[in-house]
Amino acid sequence: MASMNAGGGSHSSATARTLFPRGPSFTLENFSNKDFIVRDFVEELSESAIPVNRRSIPQQTAFDPKPLIRHFENALSQLSILSEELGTRESEILGAVRKAEIEHDRTLDNLGKKLDQSIESFNTLDGALNNSGPVNGQSRRGVDAGGNMAVLIGEKLEELDRQRRRATDASFLIKCWTEVSEGGELTSLEDMIGRRGGQRDMVRCAVIARQLMRMSQRLDPSSWAQTNGGGKKTNGITNGVVGYRGHNTREIIEKFSETLEKDLLKQFDESYRSQNFDDMSECAKVLHDFNGGSSVVALFVNQHQFFIDRSQLITEDVTTDNETWESLADPDAEPPGVEPSLQSLIDEIRIVMQDESFVIKKAFPYYEVVLTKFIQRVFQQSIQQRLEMVLEKAETISSLAFLRSLHASRSYINTLVEDLKAHGLTEHPEPCSAQIASCLDQQLDELFIPYLVGNSYIDRERKSLEELNSSLLFKYTIYHSRRKKAPTGFMASLAQQGNQLLSSAKDAYIEQLESRELTPTQKAMMLRLAGVRDTDNNKNEIEVSEEDGTLSVVHAKRMLKWLAEGVRRALEMTNGQETSRDVQALLNLLLSSMGQVYIETALEAGADQAFALETSKVEPDLSFFPLLQPAITTTNIMSRFIGTVLIRLAESNTTVRIAMEKQAKTAIERIESRTNNVVRSTLTVVLNWITKLLANQKKNDFRPKDSELDGSGRAGSGYFEALATPTCLTICAFLNKVASLSAAAIDGQNLEIFSCELALGSRDLIFEHFKKFQVNATGGLMMTKDISKYISTMKELQLTKELEADLEVLGDIGNLFIVGPEALRERTRMFTAVGAKQKLQKADFRAFITKRDDYGSVGIQSVLAGL
């Protein structure tokens, strides 16, 4: 250790060396060190026990413990001395602690006694004043009298003090009135202002000036008559006091009041520039007591640097680039958001409001009133002026650009309001008060009331969507308006209604294009959507193709996307009470533009084509049938959108919701009815053509002559090699084509029902068809081939298992012409009751047997007799 002296000779001033090393020397400080370690202490003692001159000797001799023993004995003696010294110190400290504890207890006892005495004195006094019971042998009534007397004395003293102050104020007020009425000046009040004695004196000066004004009105009515235009000058006398002394007291007091107000406003402005909030608060308090504080609030708000700077910028035009405006007008593009200059203004307002709310709270005792005025000025001047400029510019672009700008502006300003509420403004970091929150909401609503009043907003939305839809469907309506209408009777009346709807939609679009109110950007957008060039002078005479008259799911999705955007805007722009009415109006638009003009027109066109093909003399062109699939898909999409979006938004109004559900159900049922008409007409066309093809069957196709089988006839050996008769092959090819077209037109259960109806109708036609032909044994084989071909072709349709079994009755027909009498007799035993559909009936059996060439044979006649 550093303070331990181990061996002799370590000191430079020693003149002689001792024979043995000196013992260790240490004090209490060596052991009080935080770095003291017992192990290191013992090691140092051990090292210092061996003389330095012996440490270099090789360790070959035996260990000598004597130096260590002597060294440790010296160390132990030193430690004993230190232990005694430490014990003495500890005893001294313990004695001092005991003395301090005794003195502390004595002090606590003294203080406790004094406290008890104080409490006892207080209780005695309190009992004497507050009826706590007999005191010094007096009765309770006496104590009550003493307490009441003390209260009465206190109240009397307070009343006297109020009277004294009132008398002093009245004396000073009379003095001031005397000065102004007789001397025409207010020396005392001017001296009070000059002294600047603080807020109390300034408030008193303002109160006195206001009282002098009322005194002037009563005691000097002549000065008020002069100011109000009175032509006759009279001396006003009230209660015998002459108030007029040749001076216009009203003018003097008003002039003094104006001077007082100007001085206070000047002082307030200087304090604001130096950020002296205490002085600002004092001036604001005085002015509030003087004239309600309107002047100081107006000074603070009107002279704010934000309004000065913004008033110079407010005249700047909206300088958004043309690409942004075109994007706003493009219904297929995502809205670009709020206009940049308006966004910059709102961002700046957010910072200014948060900073100035701190100043307002420090400077004004009535800070909520001032903050309300500041908010009103910000919204009604800065935001409203810029908002009007942005919307005026957007309206010159297109109606959609106006709606998108209006929605984006409201959303961004609403975000500002919510941010300010969360910040708390003067209540920061707590949320703002209910009064300020209500003010912010009111200002937000008032900004957009001109655009949302009544039905103005939803009318704009509907008009915009009508323009977009009519533009997109312009060529579609042109194509179908030129289409010839085939139906007659009731269907003709329905077609006439559809034609009128198409004509009105087309005429409305053309009228809109020719309107002078239409902006160039909107006109270009409408022409682009319609696929029409502006150079086409007569829009009624433009060329359209069949593709233009085809219903497109892509177009339907675009229309629904535009409508969904409009619904979103309406939902965020209007209040909840009007939502149900708004979505009902949009539902009417959807059912009219997409339901009637688009889907029903396509279905009507399909029904017309099918009706025209029912008496076709050539193979009917069923290319219209697959066009049913886009109509069905579009109807499903529209129905799902109505159910999941529009009707759900109207749930708050039960009456409107029920009306919407009924309206949507009626429209969907009408579309389904038209779809069924197309399917039924198509089925009729197919069966009529099969009937016509069956009529072309040659009489001898199933009764070839022997001369025709030996190679000299029309077919020769090729008769047996043919898969089926030409009529059968033609019908099967036609059925395959119909199956392909129907799979492209409908699916699911609808396709199954159509296929079953087609197969059932075809089976019945073929069944009755074979009753008309005489069949010999060889022709029976060909008939069997035809029937097998018919069955396999019809089974390729999407049929139920029951109907597939019903088709097997055709197979029984072929067997009737190729088996012998015994087999026929066996078959007669398998007939079921009349009315069963899946088996051959007796009447049918007889009809087919009579067409066999061997009908007159004994065997066949015996079979028929057995029936």
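Me: How many helices and strands does the secondary structure of the protein chain come to?

Reply: The model is a predicted one. Its protein chain has 33 helices and two strands.

Me: What share of the residues of the protein chain count as buried?

Reply: Of its 867 residues, 39% count as buried. The term requires a relative accessible area under 20%.

Me: Why is Leu-627 called partly exposed?

Reply: Leu-627 has a relative accessible area of 37%. Buried means under 20% and exposed means over 50%, so Leu-627 at 37% is partly exposed. Leu-627 sits in the loop between helix 22 and helix 23. Its C-alpha atom is separated by 9.5 Å from that of Ile-746, a residue 119 positions away along the chain.

Me: How do you know that the span of helix 9 is close to the expected one?

Reply: Helix 9 covers residues 277-291, which is 15 residues. The expected span is 1.5 Å times one less than the number of residues, and for helix 9 this comes to 21 Å. From first C-alpha to last, helix 9 reaches 21 Å, so the span is close to the expected value. Among the buried residues of helix 9 are Phe-277, Met-280, Leu-287 and Phe-290. Just after helix 9, Gly-292 takes a positive phi of about 85 degrees.

Me: What makes a set of residues a nonpolar core, and which members of the largest one touch the most others?

Reply: The members are buried residues of listed nonpolar types, joined through side-chain atoms within 4.5 Å. The largest nonpolar core has 192 residues, of which Leu-212, Phe-364 and Phe-379 touch the most other members. Leaving aside neighbours within four places in sequence, Leu-212 is in contact with Leu-173, Cys-176, Trp-177, Leu-186, Leu-189 and Ile-253. In soluble globular proteins, nonpolar side chains tend to be buried together.

Me: Why is a space called a cavity and not a pocket?

Reply: In a cavity a 1.4 Å probe fits but cannot get out, whereas a pocket is an open set, so the way out decides the name. The structure holds six cavities of 30 Å³ or more. The largest cavity contains about 80 Å³ of space. Its lining has 12 residues, and those closest to its centre are Leu-328, Gly-337, Val-338, Glu-339 and Ser-405. Helix 12 and helix 15 each supply at least two residues of this lining.

Me: Which helix gives the largest share of the lining of the second largest pocket?

Reply: Helix 24 does, with eight residues. The second largest pocket has a volume of about 460 Å³. Of the 17 residues lining this pocket, the closest to its centre are Glu-672, Thr-675, Asn-676, Val-679 and Asn-750. Helix 23, helix 24 and helix 27 each give two or more residues to the lining. By class, the lining has eight nonpolar, six polar and three charged residues.

Methods. Residues are numbered from 1 along each chain as its sequence is written. This is a predicted model: local features need pLDDT of at least 70, side-chain atom pairs count only at pLDDT 80 or more; totals for chains, interfaces and linings use all residues. Side-chain values use heavy atoms; hydrogens and water are left out. On a 1 Å grid over the protein atoms alone, a cavity is a set of points where a 1.4 Å probe fits but cannot get out, and a pocket is an open set with protein on both sides within 12 Å along at least five of seven lines; lining residues have an atom within 4 Å of a point. Grid points are joined across faces, edges and corners, and a volume is the space filled by probe spheres set on the points. Helices (H or I, at least four residues) and strands (E, at least two) are DSSP runs, numbered from the N terminus. Ala, Val, Leu, Ile, Met, Phe, Trp, Tyr, Cys and Pro count as nonpolar, Asp, Glu, Lys and Arg as charged, and the others, Gly among them, as polar. Buried means under 20% relative accessible area, exposed over 50%, partly exposed in between (1.4 Å probe, protein chains only). Contact means heavy atoms within 4.5 Å.
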